[in-house]
Amino acid sequence: MKTIKYFIIGVLFLSFNYSNAQVSVNVNIGNPPAWGPVGYTDVRYYYLPDLETYYDINTSNYVYLNNGRWIRARSLPSAYRNYDLYSEYKVVLTDYRGERPYDNFKNHKVKYAKGYKGKPQKTIGQKPGNGNNKSGKEKGHHDNGHGGKGKH
């Protein structure tokens, strides 16, 4: 009789552990870009205040307004293609889990206006050619490693 009790307890214990393992699966599909800030592994979106643009980590797409419509694209609009994403501030949207971060755009645009700087950020990877800009304070040449001048 004791053997049956121990067997049942063992089966319950194993099934409990198995169910916990199933619940703890990480749903973050994409990898953050090298220019993303260190320390945020469970987020989906960054808001780029200077560009008024979102970046979707899961799909590696930029999300921005174009003629009144929100567009998802692999690259920035041509006006910002040479923009230095390593040096500029990224707002990490830790409190949003949906598909449409731009539903909060009016709030983000006010709260994180162009030129917004929060705490200093260190990027995940190094900026091509120039090392890692840890403070985000350097200005000037915005070339994202491709040469040419960009917008400030």
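I began with strand E1, which pairs with strand E5 (residues 91–93) in the antiparallel sense over 3 bridges. Strands here are DSSP runs of E, at least two residues long, numbered from the N terminus. Two strands count as paired if DSSP finds at least two bridges between them. I found tyrosine 46 opposite valine 92 in E5.

A note on the source: this is a predicted model, where local features need pLDDT of at least 70, side-chain atom pairs count only at pLDDT 80 or more, and totals for chains, interfaces and linings use all residues. Residues are numbered from 1 along each chain as its sequence is written, and side-chain values use heavy atoms, with hydrogens and water left out.

Next I followed E1 to strand E2 (residues 53–56). The two run antiparallel, joined by 4 bridges. Leucine 48 has threonine 53 in E2 as its bridge partner. Their hairpin has 4 residues between the strands, and glutamate 52 takes a positive phi near 50 degrees there.

I then checked the faces of E1. Tyr45 and Tyr47 on one side are buried, and so are Tyr46 and Leu48 on the other. Buried means under 20% relative accessible area (1.4 Å probe, protein chains only).

I looked up the largest nonpolar core, which has 15 residues. Such a core is a set of buried Ala, Val, Leu, Ile, Met, Phe, Trp, Tyr and Cys residues joined through side-chain atoms within 4.5 Å. Trp35, Tyr46, Tyr62 and Leu85 touch the most other members. Strands E1 (45–48) and E3 (61–66) each give two or more residues to this core. A second, separate core of 11 residues includes Val91 and Phe105.

Conventions: Buried means under 20% relative accessible area, exposed over 50%, partly exposed in between (1.4 Å probe, protein chains only).
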